[in-house]
Amino acid sequence: MIPNYEDITILQGTDVAIEIHLIHDSGSAFNLTNRSIAAKMKRNYADSAGDPDTVSFNAAVITPPEDGIINLSLTNTQTDALKTRGRYVYDVEVSYVDSDSNTIVQRVLEGQIEVSPSVTK
């Protein structure tokens, strides 16, 4: 699966929820049964996971998992702490354990995030 590319704007200081519908080329929903979701944003691809500007999204599969819908969210506290100069990069990965007990990871979405500054705090 080739990851899709989508740029996102996040409004600083607000609660954010992003709903992603995963669909195969054939048009059928991507079955997320027994799949885990992880999504992070960083200032640069090379930044370490421990970098203070790295933010993990709260990521969840929406029920029923056969519909292929993921929800990514950030709290207003998390978005308030984001820097507004420059852009972030992000990706979303789906993982599962195959029949040989190997963890398989697929990147399903990636792009850039712009943070729109808040005036009212």
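This is a predicted model: local features need pLDDT of at least 70, side-chain atom pairs count only at pLDDT 80 or more; totals for chains, interfaces and linings use all residues.

Visitor: What's the strand order in the open sheet of three strands?

Guide: The order is β3-β7-β6, and the pairing is antiparallel. β3 (16-21) and β6 (58-61) are at the edges with a single partner strand each, so one side of each has no neighbour in the sheet. From one strand to the next, the twist averages 20 degrees.

Visitor: How many bridges join β3 to β7?

Guide: Six, with β7 covering residues 69-74. As one example, valine 16 has leucine 74 in β7 as its bridge partner.

Visitor: OK, charges now. How many salt bridges are there in the whole structure?

Guide: Four. One of them is between aspartate 53 and lysine 83, at 2.9 Å, N to O. Those two are 30 residues apart: aspartate 53 lies in the loop between β4 and β5, and lysine 83 in the loop between α1 and β8.

Visitor: Is aspartate 53 buried or exposed?

Guide: Buried, because its relative accessibility is 18% and the cut-off is under 20%. Lysine 83 is partly exposed, at 42%.

Visitor: And what does glutamate 114 meet in a salt bridge?

Guide: Arginine 87, at 3.5 Å, N to O. Glutamate 114 is in strand β9 and arginine 87 in strand β8, 27 residues apart.

Note on methods:
Residues are numbered from 1 along each chain as its sequence is written. Side-chain values use heavy atoms; hydrogens and water are left out. Two strands pair if DSSP finds at least two bridges between them. Helices (H or I, at least four residues) and strands (E, at least two) are DSSP runs, numbered from the N terminus. Axes are lines fitted to C-alpha atoms, for helices over the stretch in contact, and angles run from 0 to 180 degrees between N-to-C directions. A salt bridge is a side-chain nitrogen of Lys or Arg within 4 Å of a carboxyl oxygen of Asp or Glu. Buried means under 20% relative accessible area, exposed over 50%, partly exposed in between (1.4 Å probe, protein chains only).
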